[in-house]
Amino acid sequence: MIFDYKTKYDADTSGHFGQFGGRFAPEMLIPALEELEKAYIKAKKDTDFEREFLSLCRNYAGRPTPLTYANNLTKQLGGAKIYLKNEGLNLSGAHKITHCLGQAILARRMGKKRIIAETGAGQHGVAAATVAAKFGFECVVYMGEVDVARQRPNVFWMEQLGAEIIPVKFGSKTLKDAVNAALKDWITNVRNTHYLLGSTVGPHPFPSINRDFQQIVGLEVKEQVKEMEGKLPDYLIACVGGGSNAMGLFYRFLEDEEVILIGVEAGGKGVERIGKHAARFRGGEVGVVEGYKSLFLQDNYGNIEKTHSVSAGLDYPGVGPQLAYLGQVGRVQFEYATDREVIGAYKLLAKTEGIICALESAYAVAYAIKLAPKLSKEKIIVVNLSGRGDKDIFIVAEAVKDKNWREFLKTKLT
Ligand SMILES: *Cc1c(COP(=O)(O)O)cnc(C)c1O
């Protein structure tokens with residue numbers, strides 16, 4: 001059984017990882033969270049649940065994803081061996097489909113007919129709309145009006161998948177307002193609706209549930225590295241937004257204390273400048289936001305700060321509570337990469353390995369590029385490529401100053 005795995009770094013029964021986590025939700029949502037927790041505890045012990053989850057991962061989403069030895073990149077950097085876990089080959093282009101599938105099975109078991117989701121850049125919205133189509137759920141996605149305007153490609157795909165997108169017109173009209181709108185909907189429609197949360201964040205039990213679904217990534221890596229190298233890797237590196245791809249890679253290695261775990265945050269335009277990065281471990285403070293206690297980038301009054309990252313998926317002020325805890329106890333080390341380094345890493349990976357990764361994933365690659373040359377050739381680094389890069393074509397074309405791109409866009413308007 002996959003889902004009965006536990007570690008000494010897990011939450012207590014109230015959902016706390018040390019001082020982090022918990023369930024700070026409006027009273028009207030507590031029954032819904034308790035219902036979800038109960039359904040999950042029951043499902044975990046059910047072999048049919050595990051069988052269905054694994055079958056969908058394999059026969060629908062495309063698991064197991066390959067672990068690829070990056071021989072050219074390794075040679076060029078001249079140090080440790082670099083392996084790439086290519087989560088970009090999943091259906092809908094990233095690791096997110098995995099926890100969406102898991103939650104969809106749970107929602108159906110609870111008798112829900114409708115799912116709602118929040119999304120910022122739209123990646124989670126697309127994954128949620130994908131599973132809703134597959135399971136025959138009605139799907140409503142809340143998205144800030146500002147994000148709807150700037151993320152048209154993902155909005156377009158959500159619409160094609162049959163989801164209804166509701167632009168949120170209050171507050172800053174971005175992700176945090178979309179979360180609030182989704183919570184309000186959930187309170188009103190909790191009887192028939194599941195809130196499909198997009199990362200290892202939010203009130204208990206979401207951080208633990210999404211981590212448990214994602215643990216399949218690390219489980220596969222463990223087997224794949226063993227087969228290819230006959231031993232454990234020395235370093236695991238993943239980018240960190242809310243933390244689902246990082247927790248997925250790390251979880252099965254948490255108690256292999258000799259394996260060094262590194263989370264890479266968005267350093268944006270530099271971590272010294274408030275509002276220009278999303279490095280919670282370089283300036284975040286403990287706070288309670290969106291139903292959980294963790295590290296958040298906030299001002300002296302506890303208001304959430306603006307964040308910036310070239311990748312939309314890491315442009316988030318908070319971090320999952322288990323990662324906050326793992327950082328505090330020193331089990332996971334947190335580093336950051338800047339926008340400039342990320343574009344360089346993305347280019348180098350494309351040219352040396354023929355893999356166009358998501359900009360989020362390029363943060364992990366950027367740190368691996370710094371680390372590998374300092375290590376001896378016997379060391380093994382596994383980098384999580386959380387997604388593929390097709391979705392970033394508009395951002396990357398501008399970042400690399402492609403001359404013909406603007407011309408191309410103009411021809412589309414005539
Ligand atoms: C959403 C996203 C992330 C960030 O989310 P986590 O929960 O931190 O994994 C990273 N990479 C890709 C490709 C994403 O779409």
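How far apart are the mean positions of the 54 positive and 48 negative charges of the protein chain? They sit 3 Å apart. Keep in mind that this is a predicted model.

## Overall build

The protein chain carries 15 helices and 14 strands. For 414 residues, a compact globule would have a radius of gyration near 22 Å, and the 20 Å found for the protein chain agrees with that.

## Packing and surface

Buried residues account for 58% of the 414 in the protein chain. Take the contacts between residues at least 6 apart in sequence: 74% of them join residues at least 24 apart.

Most residues other than glycine have a negative phi, and most peptide bonds are trans. Here are some spots to look at with that in mind.

R63 and P64 are joined by a cis peptide bond, with omega at about -5°; P64 lies in the loop between α2 (47-61) and β3 (67-69). H204 and P205 are also linked by a cis peptide bond, omega about 15°, and P205 belongs to the loop between β8 (193-195) and α9 (206-229).

Then there's phi. S92 isn't a glycine, yet its phi is positive, about 70°. You'll find S92 in the loop between β4 (81-86) and α4 (96-109), partly exposed at 27% relative accessible area. K401 has a positive phi too, near 55°. K401 is in the loop between α14 (393-399) and α15 (403-413), and with a relative accessible area of 68% it counts as exposed.

Conventions. Residues numbered from 1 in each chain as written. Predicted model: local features only at pLDDT ≥ 70, side-chain atom pairs only at ≥ 80, totals over all residues. Heavy atoms only, no water. Helix = DSSP H or I, 4+ residues; strand = E, 2+ residues; numbered from the N terminus. Rg over C-alpha atoms; globule rule 2.2 N^0.38 Å. Buried < 20%, exposed > 50% of the residue type's maximum accessible area, 1.4 Å probe, protein only. Contact = heavy atoms within 4.5 Å. Lys, Arg positive; Asp, Glu negative; His and termini not counted. Charge placed at Lys NZ, Arg CZ, Asp CG, Glu CD.
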